[in-house]
Amino acid sequence: MSSEKEAMTAVAELLEVIGKHFFASDGLAKDIPFVGTFLAGINFLQDYRNKKFAKRITTFLTNFSIEDFNKFKKAIANKSNEDLGEEILSVIESLEKEVQVNMVARATKMHIALLEEGHSPNSIKYILDYNIHIIKQLDSHLLRGLHAIYSGQNSGRIGSVDQTLFNLGLLKQEEQPSLAGATVHPLPSFTSSEQGRSFYNNIVCGE
């Protein structure tokens, strides 16, 4: 295992990439009540000085209670999950919007909860991978579509958005009967699905 990979196997290393200078200059440590406990004695990495990336890490961490944080630390310290910390960090780095980072935090906590229930990492990893795949695709346009469908408003529907959400597995297609001999067939129609509602409630809204 490389030293770089080892640096990603504990939450302390997630804090390292934020940098002491960032906390000191912007005062973001006050937004994470428990962060001070982990700052003492840590040698901060100097390669991650990008303030935007640091803010994403801060956003991610503020989704965790002390208990959740300790569970995350325990999970990524486990050799069977040794790539989890590195993977989450890489995903956060690639995201543009704070709302997506919040969703990654919820997906991560869901994954850890499944691990706590005794599921093996290999048997449930596809769930985390699926959720992260969707999160990466959810720009503001698609998020508005999800809200329109699953918030109960059911307004402002756009056909291309519905099609994309269907392709992501967040909607199901309704069967449209075709008249015998018809040369023009009805356009596909989409409706809510159990999987889409679960993703919306648990990952988008954090219920």
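This is a predicted model: local features need pLDDT of at least 70, side-chain atom pairs count only at pLDDT 80 or more; totals for chains, interfaces and linings use all residues.
Start with the whole chain. The protein chain has 12 helices and 2 strands. Read from the N terminus, the elements go α-α-α-α-α-α-α-α-α-α-α-β-β-α. So much for the order. How much of the chain is buried? Of the 207 residues, 40% are buried. Now the contacts. Take those in the protein chain with a separation of 6 or more: 69% of them join residues 24 or more positions apart.

Next, helix α8. It covers residues 98-116. That is 19 residues, and at 1.5 Å a residue they should span 27 Å. Which residues of α8 are buried? The list is Gln100, Val101, Asn102, Met103, Val104, Ala105, Ala107, Thr108, His111, Ile112, Leu114 and Leu115. Look just past the end of α8. There, Gly118 takes a positive phi of about 105°.

Asn102 lies in α8. Its relative accessibility is 17%, and the cut-off for buried is under 20%. Asn102 therefore counts as buried. What does Asn102 touch? Leaving out residues up to four places away in sequence, Asn102 touches Thr59 and Asn63. With Asn63 there is a polar contact, side chain to side chain, at 2.8 Å.

On to helix pairs. Two packed helices are described by the angle between their axes and the distance between the axes. Here are two such pairs.

Pair one is α9 and α12. Helix α9 is residues 121-137, and helix α12 is residues 194-204. They pack at an angle of about 80°, with axes 12 Å apart. Angles of 65 to 115 degrees count as roughly perpendicular, so α9 and α12 are roughly perpendicular to each other. Who meets whom? From α9 come Tyr130, Asn131, Ile134 and Ile135; from α12 come Gln195, Phe199 and Ile203. By class, that contact has 5 nonpolar residues, 2 polar and no charged.

Pick out Ile203. This residue sits in α12. Is Ile203 buried or exposed? At 1% relative accessibility, Ile203 counts as buried. Without residues up to four places away in sequence, Ile203 touches Met103, Arg106, Ala107, Met110, Asn131, Ile135 and Ser198. The C-alpha atoms of Ile203 and Asn131 are separated by 8.1 Å, while the two residues are 72 apart along the chain.

Pair two is α10 and α11. Helix α10 is residues 140-150, and helix α11 is residues 159-167. Their axes are 10 Å apart, and the packing angle is about 90°. That makes α10 roughly perpendicular to α11. On the α10 side, the contact uses His141, Leu142, Gly145, Leu146 and Ile149. On the α11 side, it uses Val161, Asp162, Thr164 and Leu165. The classes here are 5 nonpolar, 3 polar and 1 charged.

Last stop, a strand. Ser189 is in β2, residues 189-192. With a relative accessible area of 23%, Ser189 is partly exposed. Where does Gly159 come in? Ser189 and Gly159 are 30 residues apart along the chain, and their C-alpha atoms are separated by 8.3 Å.

Notes: Residues are numbered from 1 along each chain as its sequence is written. Side-chain values use heavy atoms; hydrogens and water are left out. Axes are lines fitted to C-alpha atoms, for helices over the stretch in contact, and angles run from 0 to 180 degrees between N-to-C directions. Helices (H or I, at least four residues) and strands (E, at least two) are DSSP runs, numbered from the N terminus. Angles under 35 degrees count as roughly parallel, over 145 as roughly antiparallel, 65 to 115 as roughly perpendicular and the rest as oblique. Contact means heavy atoms within 4.5 Å. Ala, Val, Leu, Ile, Met, Phe, Trp, Tyr, Cys and Pro count as nonpolar, Asp, Glu, Lys and Arg as charged, and the others, Gly among them, as polar. The expected span of a helix is 1.5 Å times one less than its number of residues. Buried means under 20% relative accessible area, exposed over 50%, partly exposed in between (1.4 Å probe, protein chains only). A polar contact is a pair of N or O atoms within 3.5 Å; within protein, one must be able to donate a hydrogen and the other to accept it, and residues adjacent in sequence count only if both atoms are side-chain atoms.
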